[in-house]
Every structure is written in C-alpha cells, then in structure tokens.
Amino acid sequence: MVHLTDIVDRVRGYHSQADFELINKAFVFSSQKHEGQKRKSGEPYFTHPVAVAGIITEMKLDTASVCAALLHDVVEDTDVTVKQIEDMFGTEVGFLVDGVTKLGKINFTCKEDQQAESFRKMLVAMARDIRVLLVKLADRLDNMRTLEHMKPEAQARIAQETLEIFAPLAGRLGINWLKSELEDLSFRYLFPEAHADLAVKTKKVSRDQDRYISDVCKRLQKMLIERGFGADCSGRMKHLYSIYRKMRQTNCEFEQVHDVLAFRVLVENVADCYAALGVIHSQWTPIPGRFKDYIALPKPNLYQSLHTTVIGPGQRRIEVQIRTRDMHGTAENGIAAHWKYKERSSGPDSKDAARFAWLRQLMEFQHEVADPAEFIDSVKVDLFSDEVYVFTPKGQLKVFPRGATPIDFAYSVHSEVGDHCSGARVNGAIVPLRYALHNGDTIEIMTSPQQHPSKDWLDFVITGRARNKIRGHIRAEEHRRSIKLGRDLVERAFHKKDMSFARFLKSGEADRVATALKSQSLDDLFASVGYGRVAASEVYDAAMQDGTSADAMRPSFIERTVRKVTGDSTAGGIRIDDVDDVLIRFAQCCSPLPGDAITGWITRGRGVTVHRRGCLKAMELDPERRIDVSWSEAVKIARPVALRVTTADRPGILANVSAAFTESGLNIQEANCRVGADGQGVNLFQFLVDDAARLQVLMRKIQGLEGVYTVERA
C-alpha cells in the first residue's frame with residue numbers, strides 16, 4: 001500500500017512548492033470518512049483513494065489533482081457534500097471532485113442512447129478541465145489492478161468498457177504506459193485463455209530475450225558512442241495485448257510474430273535523431289516500408305519519435321525508436337508531461353493548446369449531432385482510429401482517420417466546400433471521390449455550384465463531421481420534398497370531398513388544425529403527412545370538426561370552373577412525374593413499369609412506395625395507408641425488369657432468345673443461365689424497359705420460340 005510519506009516524497013521530487021499541508025489534510029479527512037468501509041477484497045476502502053493518489057503522482061500532477069484523487073469517492077460514498085469539499089479544500093479541488101464523481105456514475109455498457117449521452121457528459125468534463133479525466137483514468141487503473149475480487153460478469157463488463165473507452169482515451173492523451181497496462185489488464189479478463197497461453201509463451205522465451213536485449217543494447221550504445229553521440233539505449237518485449245493484436249491482424253501464431261522486441265535510443269537533440277538513424281541503417285539492414293517519421297509529422301497527441309524496423313543481430317527483426325529525452329517524457333506521460341498548472345489556476349500554457357484540438361473538434365461535433373447512435377459511432381472513428389497525414393495545396397498538414405476520402409478533406413476545410421465538392425486532385429492527378437487518402441498526399445478540392453451531397457457519399461466518408469453534414473443536407477432536402485408531397489395529399493383529400501383547399505389555407509382553420517395535430521406549423525403538418533406520420537384524411541377531419549367550417553370551405557364558382565377546364569391534377573391519385581424524387585419509391589418486389597396498374601402506400605419516413613396492383617407483398621400492408629396513384633401521361637422512364645425463361649436444354653436456344661431482345665430494341669444487362677436437375681434450362685435476364693406494353697410484346701415473342709416452356713416476370 002502507498003503511504004502518505006510516499007505521496008509527499010513523490011510530489012516533492014517534481015514540485016517542491018506544492019501545498020503539502022493541504023495534501024496531508026486531504027489524506028486525514030478521506031481516511032476518517034472512509035473508516036469502516038471495505039473493498040470487495042476485504043481490505044479497508046481507504047487503500048483505493050491512496051492508490052489512486054499514488055498513480056496521480058506517477059503522472060506528476062499538481063496539488064489539486066493529488067487532493068482530488070484522495071477525496072474522489074467521499075461525496076459518492078459518504079455524507080460529505082461538494083460544498084463542504086470546496087469550503088475545506090478550495091473551489092479547485094471541489095470542482096475536480098465533483099467532476100470525477102459525475103464521471104463515476106457513467107455506465108458505458110448500457111443501451112446505445114444512454115452510452116452516447118454518458119460519453120457527452122465525459123466530453124464536457126474533459127473540456128472544462130482535463131485533470132478530471134486524468135483522475136478518472138487513475139481510478140480505473142487501480143480498479144482494474146484489483147478486478148480479481150469482482151464477479152466474472154462484472155469483470156467482463158468493466159474490462160470491455162476499459163478496452164473500448166478508457167485505454168484509447170489514455171492513448172489519445174499520450175500516456176502510453178497507462179494505455180498499455182489498461183489493455184493488458186482488460187486482455188486478461190476478456191480473453192483469459194489467450195492471455196494465459198501468451199503469458200506462458202513469452203515467459204519461456206524471456207530468458208533468451210533478456211540476454212538478446214542486453215546484447216543489442218550494448219551494440220547500439222557502442223556504435224553510437226563511437227560516433228560521438230550521447231545516447232541511452234534500452235529494450236523491452238512489447239506488452240501482451242500488443243502482441244495478441246498483431247497475431248490477430250496477421251492471422252499468425254506467436255512464433256511467427258517477428259518484431260516483438262522494441263529498442264529505444266534517447267539522444268540530445270532532433271539532429272542527433274536523424275544522424276543516429278543513419279548510423280543504425282548503415283550497420284543493420286532496414287526493412288522497406290517500416291520507417292515512420294513522427295518527428296516531422298507528430299501524432300495528434302504530439303507523440304514524436306523515429307520508428308524503424310531492421311534486421312538486427314542473429315538475423316532477427318527488431319524495432320528501434322529514436323527520440324530526444326524531452327520527446328521521451330511526452331511519449332511516456334503524454335499530456336501530463338506538459339500540461340503545467342499554476343496553483344489555483346486551470347488554464348494551460350498556450351503552446352500546449354494544440355494538444356486539445358481533437359477535444360475541441362469533438363465538443364463542436366457533439367453539439368451538432370442529435371442522433372445518439374450516430375454520435376457514438378462517429379466518436380469511435382474520430383477518436384480511436386489510426387491516422388493518415390495529408391497536405392493542402394499550400395502545404396498545411398491535416399490529420400484524418402485512416403480510410404478518409406477527399407469528401408472528408410473537403411468538409412474539414414468548410415461545409416460549403418464539402419457540399420459542393422465535385423472532384424479532387426491528389427498529387428496533381430484526378431481521383432474518384434471515394435479514393436482513400438494516403439500519408440503524404442497533397443489534396444486539391446474542385447467545387448461546382450450545381451454539385452450537392454449525395455446519399456452515396458455516406459457509403460465511403462469516414463469522419464463524423466462529413467457524415468453529419470451530408471445527413472443534414474439530405475434531411476433538409478427530404479423535409480422540403482415531404483412538405484410538397486404532404487400538401488398534395490391534403491389537397492387531394494379536400495378535393496375528393498368537394499371542398500376548397502385554397503379557402504382552407506386562407507382561413508384561420510389551418511393554424512388551428514396544425515396545433516390540434518401537434519405540429520408547430522402548417523409546413524410541419526404537411527411534412528408529417530408526406531412522411532406518413534399523419535394521414536391526409538386526419539387533416540380534413542380536423543378541419544371539418546366545426547360544422548360551420550363546411551360552408552366556408554365550399555369551392556367558389558370560379559374554382560369549380562377552373563377545375564373543369566384544367567382538370568383536377570389530383571383526381572384519380574398522385575401522378576408520378578419525378579421518378580428521382582426520394583419520397584416516391586418503386587417497390588423492388590414487383591418492379592412496376594409505366595403502363596402497369598399500380599397502387600401507392602404511404603410508408604413511415606419514406607414517402608410513397610409504388611407497387612403493381614396484385615403484388616402479394618403490398619397486400620400485407622396496412623390498408624389505411626393505401627392511396628391511389630397513376631402514371632403521368634408524359635412519363636418516359638426505363639425501369640429495371642427481370643424475366644425468368646424456362647427452356648429445353650438444346651443448342652442455339654439462348655441465341656434465339658437473345659435475338660428476340662435485339663428485335664425488340666432491348667439490351668440484356670445481365671443473364672444468369674443454368675440447367676436444373678430436371679434437364680430444363682432456367683434463365684434469368686435483367687434489362688431496362690420503359691413500357692409495360694413493350695414488355696408484353698417481348699414476352700409473347702419469346703414464348704413463341706421453339707423450346708421455350710414458360711416466360712414470366714421475376
């Protein structure tokens with residue numbers, strides 16, 4: 001167990017001006033309040049906050065953080081209030097304790113919506129003061145270290161959320177030792193058999209590995225010192241979960257994982273990093289494609305180092321990391337190495353603000369996205385994925401999740417650039433919009449006022465910002481179309497009852513009806529009708545609730561005359577003129593063609609779906625949602641159709657069927673032909689045709705061929 005003297009000595013080692021009296025006071029107060037409480041292990045509960053404070057001192061955080069670690073459970077587990085903490089230890093400590101207490105109530109394994117909302121709360125706490133999260137990570141680490149005392153189902157749940165949420169957050173903050181330990185502890189409880197097997201295998205080779213590591217370190221040290229470098233060299237085996245992840249990624253056994261050893265070289269300055277790299281490459285053969293320069297291109301958490309994999313002594317692959325001592329501090333402790341706090345101050349040095357660019361972006365994004373599932377999915381991509389580094393035409397560096405596309409790049413520049421992105425040049429060459437960006441690419445976006453976001457873009461964009469902007473644009477377009485469709489449906493309902501829709505709009509009844517049907521405005525009411533949430537007949541019935549309304553809404557003589565002359569555009573149903581309208585969909589089950597008898601069904605959130613009359617699937621739908629639809633006289637559209645043709649298995653018959661298509665002016669787009677067990681040929685032909693009558697002519701022509709048994713629409 002960590003003692004008060006250990007904590008004080010550690011803090012004095014990196015912060016001689018700390019308020020040790022306040023730390024002592026927090027230690028005593030927490031000890032008194034937790035007196036009599038026990039952990040699952042049977043140990044006094046106070047051992048936990050002391051252990052958390054010990055971890056905080058390993059991160060070399062300030063007095064307020066150490067006190068918050070000691071006090072982080074007193075508000076939740078005792079009768080102490082946040083106000084009492086503030087009065088006794090100051091507002092800063094009170095704020096941190098309150099923040100950690102709230103994070104302690106977050107459950108990351110509950111339903112998706114609740115999980116997303118919990119993550120929002122964590123983001124808000126992180127954005128206000130990152131020390132809240134650092135204390136929470138220390139709390140989680142000690143809980144993981146003592147997880148063996150929990151029930152198996154609790155172990156699995158806590159380990160899963162640690163691996164999915166807390167370990168990646170530690171990595172994003174650059175605290176690699178913490179990330180590695182959280183991953184290994186999670187690995188132990190989530191995959192106990194794999195963990196035990198790998199632990200045994202690594203232990204078996206550890207003696208040989210230790211000798212090998214010592215030998216390589218001596219050789220590295222010697223070759224660098226001989227050339228005048230003041231270098232420190234060390235080596236280690238990669239942690240268990242890292243090896244396990246590599247085995248899964250490459251689908252290989254432990255014995256086949258070559259670069260399980262990593263060596264570290266610490267030098268005086270950046271120039272020495274590159275010079276030392278040259279020395280190592282001159283002595284040991286580098287593996288092509290395995291060099292990474294994180295000094296020139298730091299990771300988003302500002303990790304900097306040169307990584308290279310070489311064929312070392314004994315013809316073994318080894319990874320060598322070369323960095324300065326300052327870089328090493330950042331690599332090990334991340335944000336804790338540079339996030340300096342003055343006493344009673346919560347502001348970072350300006351030069352460290354770049355470390356939280358990702359957090360600011362995440363905060364902006366969580367304000368923009370209403371859908372919880374969409375938010376949590378995007379966060380996992382934006383926060384926890386590998387990065388790719390690309391450049392603007394002016395040489396500005398931008399970092400994206402691996403797999404990002406020019407569309408993602410365009411939206412990172414500006415929403416307008418993304419909305420009107422029509423193409424992209426990568427390194428001077430035009431590429432498809434779904435092109436996956438590579439490290440070092442220079443991206444130039446081409447725009448056009450006529451270009452607008454497409455649903456297809458959602459199939460390949462990666463970043464949450466791009467997905468959110470595209471979905472927002474599509475929703476706005478669908479809302480606009482749903483208003484138009486809903487208005488047409490309501491107008492049709494009025495005309496069917498010989499009532500004036502125009503008079504309804506001009507009367508005060510329209511706003512009353514919208515309110516009665518729980519819509520904020522008339523447009524919202526029409527949109528609800530267009531989306532199928534409200535029936536057009538409901539709007540009519542609500543308008544006619546007052547008997548006096550009927551007389552006021554009778555069509556005038558002029559309106560009746562205009563209808564007779566122009567024809568009622570809605571009589572006989574909705575005419576389908578714009579087949580590309582997303583709110584008018586053709587059912588794939590029956591593929592209706594112009595000329596087919598059709599019927600329409602209002603579907604929830606998708607407008608009107610058009611089926612052929614007699615379609616079995618349509619008959620299963622709610623009859624209350626059926627509407628009459630008809631083809632516009634001017635409609636000229638080619639629709640996909642499939643014909644199933646059963647024939648005898650004889651030479652030349654497919655050529656005759658193909659000739660029938662050619663004579664009818666139709667082109668087969670896809671054909672699937674096979675012979676069944678009964679010796680009959682079953683042929684499926686897919687093609688485009690613009691008229692049901694033309695299709696009937698083709699079917700009769702094929703049916704008349706010798707050797708053809710049946711012809712039917714599939």
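**Salt bridges, sheets and buried residues**

User: What is the N to O distance in the salt bridge between the side chains of Lys179 and Glu183?
Analyst: This is a predicted model, so the distance is computed from its atoms. A salt bridge here needs the nitrogen and the carboxyl oxygen to be within 4 Å. The side chains of Lys179 and Glu183 meet that limit, with an N to O distance of 3.1 Å.

User: Which helix holds both Lys179 and Glu183?
Analyst: Lys179 and Glu183 are four residues apart, so they are separated by about one helical turn. Lys179 is partly exposed, with a relative accessible area of 22%, while Glu183 is buried at 5%. The helix that carries the pair spans residues 176-190 and is helix 11.

User: How many residues apart in sequence are the parts that Arg245 and Glu183 tie together?
Analyst: Arg245 forms a salt bridge with Glu183, and their closest N and O atoms are 3.4 Å apart. Arg245 lies in helix 13 (residues 240-250) and Glu183 in helix 11, so this pair ties together parts whose separation in sequence is 62 residues.

User: Is Glu706 buried or exposed?
Analyst: Let's start with its partner: Arg650 forms a salt bridge with Glu706, the closest N and O atoms being 3.7 Å apart. Arg650 lies in the loop between strand 18 and helix 29, and Glu706 in the loop between helix 30 and strand 21, so the pair links parts 56 residues apart in sequence. Arg650 is partly exposed at 37%. Glu706 has a relative accessible area of 63%, and because the cut-off is over 50%, Glu706 counts as exposed.

User: Which residue in strand 20 stands opposite Cys673?
Analyst: Strand 19 and strand 20 (residues 680-689) pair in the antiparallel sense over seven bridges. Within strand 20, the residue standing opposite Cys673 is Asn683.

User: Which residue in strand 11 is the bridge partner of Val426?
Analyst: Strand 9 (residues 421-426) and strand 11 pair in the antiparallel sense over five bridges. The bridge partner of Val426 in strand 11 is Ile443.

User: With which side chain does the side chain of Gln321 make a polar contact?
Analyst: Gln321 lies in strand 6 (residues 317-324). Gln321 is buried, with a relative accessible area of 7%. The polar contact, at 3.3 Å, is with the side chain of Arg323.

User: How many disulfides does a search of the whole structure find?
Analyst: A disulfide needs two cysteine sulfur atoms within 2.5 Å. Cysteines such as Cys252, buried at 16%, and Cys273, buried at 0%, are present. Even so, the number of disulfides found in the whole structure is zero.

Notes:
Residues numbered from 1 in each chain as written. Predicted model: local features only at pLDDT ≥ 70, side-chain atom pairs only at ≥ 80, totals over all residues. Heavy atoms only, no water. Buried < 20%, exposed > 50% of the residue type's maximum accessible area, 1.4 Å probe, protein only. Pairing = 2+ DSSP bridges. Helix = DSSP H or I, 4+ residues; strand = E, 2+ residues; numbered from the N terminus. Polar contact = N/O pair within 3.5 Å; in protein donor to acceptor, adjacent residues only side chain to side chain.
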